[in-house]
Amino acid sequence: MKIENRQRKLYTNSVTENSWSGYQSKTMWSHVIFEHPSTFQTLAIDPLKKKEIVDDLITFSKGKGYYAKVGKAWKRGYLLYGPPGTGKSSMVAAMANLLDYDVYDLELTSVNNNNELKKLFTEVSNKSIIVIEDIDCSLDLTGQRKEEEKKEDAKEKNPIAQMVKSEENSGDNSKVTLSGLLNFIDGLWSSCGEERLIVFTTNHVNKLDPALIRRGRMDKHIELSYCCIEGFKVLAKNYLDLDSHPLFETIQSLLQTTQMTPADVAENLTPKVVPWDVETCLNNLIEALKKVKEEARLKTEEESKSKTYGS
């Protein structure tokens, strides 16, 4: 009962000093109460994809014996990718609410080196989700190893560059490396705990090093894309308590030919004046979709003209 009624927490990595009766200690994580309202019922994604993700999460949460049988640490990696505003952070919150897990929001730019990363990992509790948001922006871990190797070769041939490199290494500016992060995900240190999800989010999946997101590290890749008619219906229910309307057909036709994120759709469905009516909100969305469609058409024409004149 205590476990079921516990308050879930949202952690962030920051070393803080704690004192009690003269005793000093360092805590790697600080936290607040986690009360995010997002659930899989409120996520604006395709119902079939939603069911697939929920089934996968529940199977994982009940898989202690299976993971022990196959000789793997009880953990699973999720890669959430797609344009901004497609619900990646909301997906993480929905995962936590479904499984009743704590969330550890890991800010890599605040981690000094690989050893500190290991310490952070060992302090993560079981039944938790470790999240690195916008990992392509967090550190220089995005598939540039060959370029870095070329730079290193050039430095070795340049004595001045070698002196600069040794001075850099003598300072306290050490950072997390790709190999350190990979060990954190699925190396020996990844077995120090159980029932953990590791989630990466990114807007640019093509920028990530293939070694970072291969199966076995990021086991399940989930693309969150622009709003479809099924996602719109979820948002219409959430924001307007509406299951059907004659204008739905017009909106469906526009969504099939227009790219608009669920966040933008939700904003246009949000009532702006009081009192408000359903038709006004739906018409606001229709006008916004028409505007986006026209802007996309003009942009395509401009690009076509540029190519023609360029050739």
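Here is a short chat about ring pairs and the charges over rings.

Tutor: Quick heads-up: this is a predicted model, where local features need pLDDT of at least 70, side-chain atom pairs count only at pLDDT 80 or more, and totals for chains, interfaces and linings use all residues. Residues are numbered from 1 along each chain as its sequence is written, and side-chain values use heavy atoms, with hydrogens and water left out.

Student: How many aromatic pairs does the structure hold?

Tutor: Rings of Phe, Tyr and Trp (its six-membered ring) pair if their centres lie within 6.5 Å; planes under 30 degrees apart are stacked, over 60 edge-to-face, and the rest tilted. By that rule, the count of aromatic pairs is 7.

Student: What kind of pair do phenylalanine 60 and tryptophan 74 form?

Tutor: Their centres are 6.2 Å apart. The planes make an angle of 50°, and the pair is tilted.

Student: Are phenylalanine 121 and phenylalanine 184 stacked or edge-to-face?

Tutor: Their ring centres lie 4.6 Å apart. The planes are at 75°, so this pair is edge-to-face.

Student: And are phenylalanine 121 and phenylalanine 184 buried or exposed?

Tutor: Buried means under 20% relative accessible area, exposed over 50%, and partly exposed in between (1.4 Å probe, protein chains only). Both residues come out as buried.

Student: Which residue lies over the face of phenylalanine 121?

Tutor: A charge sits over a ring if NZ of Lys or CZ of Arg is within 6 Å of the ring centre and within 35 degrees of the ring normal. Here, at 4.7 Å from the ring centre, the residue is arginine 196.
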